[in-house]
Amino acid sequence: MDTAILALAMATLGQIALCVTVLLMRGPGTQTYLPLAAFFLAVGVVVAGPAVVAFAPAFEPIFIALTLPAWLLLGPALWLYVEGLTSETAWRLQPRHGRHFI
């Protein structure tokens, strides 16, 4: 395993962890940030590959099983975040938003 790739993956995971915690703290007041937190979590799952292979090879099958749903979550999460940013009224997650995940 290339050390530079592993270091870059770990640095990215650290930044994602920081972003997700900040966004989740803002979430109860403004739900616009929750889809962005989901987007960062999905990116974190995708980027975690080198770390999982290097530090926890026993969890590699679980990681592989989570990778496809993470890739599929990226588009709807980003779309909902942009919808929340551009909404003229106070934006909230609603059941009708579930169709984007299907």
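1. In which helix does Tyr-81 lie? Tyr-81 lies in helix α4, where helices (H or I, at least four residues) and strands (E, at least two) are taken as DSSP runs, numbered from the N terminus. Please keep in mind that this is a predicted model, in which local features need pLDDT of at least 70 and side-chain atom pairs count only at pLDDT 80 or more, while totals for chains, interfaces and linings use all residues. Residues are numbered from 1 along each chain as its sequence is written, and side-chain values use heavy atoms, with hydrogens and water left out.

2. As for the overall fold, the protein chain has four helices and zero strands, and reading along the sequence gives the pattern α-α-α-α. Its C-alpha atoms fill a box of roughly 50 × 25 × 20 Å, taken along the principal axes. Of the 102 residues of the protein chain, 28% count as buried, where buried means under 20% relative accessible area, exposed means over 50%, and partly exposed lies in between (1.4 Å probe, protein chains only).

3. Contact here means heavy atoms within 4.5 Å. Among the contacts in the protein chain between residues at least 6 apart in sequence, 60% join residues at least 24 apart.

4. Helix α1 (3-26) has 24 residues, which at 1.5 Å a residue should span 34 Å, and its end C-alpha atoms are 35 Å apart, which agrees; the expected span of a helix is 1.5 Å times one less than its number of residues. In α1, Leu-6, Ala-9, Ile-16, Val-20 and Leu-23 are buried, and the buried residues of this helix pack against α2 and α3.

5. Helix α4 (residues 60-86) has 27 residues, and at 1.5 Å a residue these should span 39 Å, which agrees with end C-alpha atoms that are 39 Å apart.

6. Why does Tyr-81 count as buried? Tyr-81 counts as buried because its relative accessibility is 16%. Leaving aside its neighbours within four places in sequence, Tyr-81 is in contact with Thr-32, Tyr-33, Pro-35 and Leu-36. The C-alpha atoms of Tyr-81 and Trp-91, 10 residues apart along the chain, are separated by 9.8 Å.

7. One of those partners, Thr-32, has its place in the loop between α1 and α2. Thr-32 counts as buried, at 7% relative accessibility, and, not counting residues up to four places away in sequence, Thr-32 touches Tyr-81, Gly-84, Leu-85 and Trp-91.

8. Trp-79 also has its place in helix α4, but this residue is partly exposed, with a relative accessible area of 41%. The C-alpha atoms of Trp-79 and Leu-36 are separated by 9.3 Å, although the two residues are 43 residues apart along the chain.
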